[in-house]
Amino acid sequence: MSDMKILPEDLAAVMEHDPAIIDEEDAVNFHTGLHAVAMYRESHELWLQGKQKEARAINYKAHMLTGADIHPGATIGKSFFIDHATGVVVGETAVIGDHVMIYQGVTLGGVSTSKGKRHPTIGNNVVIGANATVLGNIRIGNNVRIGAGSVVVKDVPDDCTVVGVPGKITKRKGVCVDTELRHDDLPDPVKEKFSELEKEIRELKKRLEHLER
């Protein structure tokens, strides 16, 4: 594919993180996440050269072929890995560090129509789970894990795990830090809210009974 610029570090990231890949030839030919990243690299070079129409043409083609929409203006570091490209959206002013992994359906989006910095900045060694949404000109620190389906709208410090809607920090450096992000073991914010409401109702009933006496 002529629009692909596969970097050795990006290919190495696929080989390291995707156990379904048979070999490097398999990755180069059929890994849609690698294709999305490679076509972004080519479009980004053109964008920096002021060839915006050519860059957007590759961006459009990449979206059609892989399902990922990575704006040519975004800044992405080395060893960027997308596991399943479908539904991935990375906005124009997003900045992504080195050794970042994102899964299908992840959005790094904006919350305003301003022309300035309006998309997230992602640190190094970050994992963002499937269908997670990170919005606005916020900073996600290094070594952060964002759980599947989470919505993050505030800064996250280094060495944290964030889950839920809205995203809440559940693990910090030095306190229950796991080396693996378990997408199947996440808190349920709706269940937690119902528990809080049930507790408030019980307390109100007790107060009412006391007043009636």
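This is a predicted model: local features need pLDDT of at least 70, side-chain atom pairs count only at pLDDT 80 or more; totals for chains, interfaces and linings use all residues.

**Surface first**

I found a nonpolar surface patch made of Tyr-60, Met-64 and Leu-65, with about 380 Å² of accessible area together. Patch members need over 30% relative accessible area and no salt bridge, and nonpolar side chains are joined within 5 Å; a salt bridge is a Lys or Arg side-chain nitrogen within 4 Å of an Asp or Glu carboxyl oxygen. Areas are Shrake-Rupley with a 1.4 Å probe, and only the protein chains shown count as cover.

Numbering starts from 1 along each chain, and side-chain values use heavy atoms, without hydrogens and water.

Met-64 is in helix H4 (residues 52–66); helices are DSSP runs of H or I, at least four residues, strands are E runs of at least two, and both are numbered from the N terminus. I see Met-64 is exposed at 59% relative accessible area (exposed is over 50%, buried under 20%, partly exposed in between).

Most residues other than glycine have a negative phi, and most peptide bonds are trans. I looked up the exceptions here. The Val-165 to Pro-166 bond is cis, omega near -5°, and Pro-166 lies in the loop between strands E14 (161–163) and E15 (168–171). His-99 has a positive phi near 55° and is partly exposed at 39%. Asn-125 also has a positive phi, near 55°, and sits in the loop between strands E8 (121–122) and E9 (127–128).

Definitions and conventions: Patches are made of residues with over 30% relative accessible area and no salt bridge: like charges are joined within 9 Å, nonpolar side chains (Val, Leu, Ile, Met, Phe, Trp, Tyr) within 5 Å. Buried means under 20% relative accessible area, exposed over 50%, partly exposed in between (1.4 Å probe, protein chains only).
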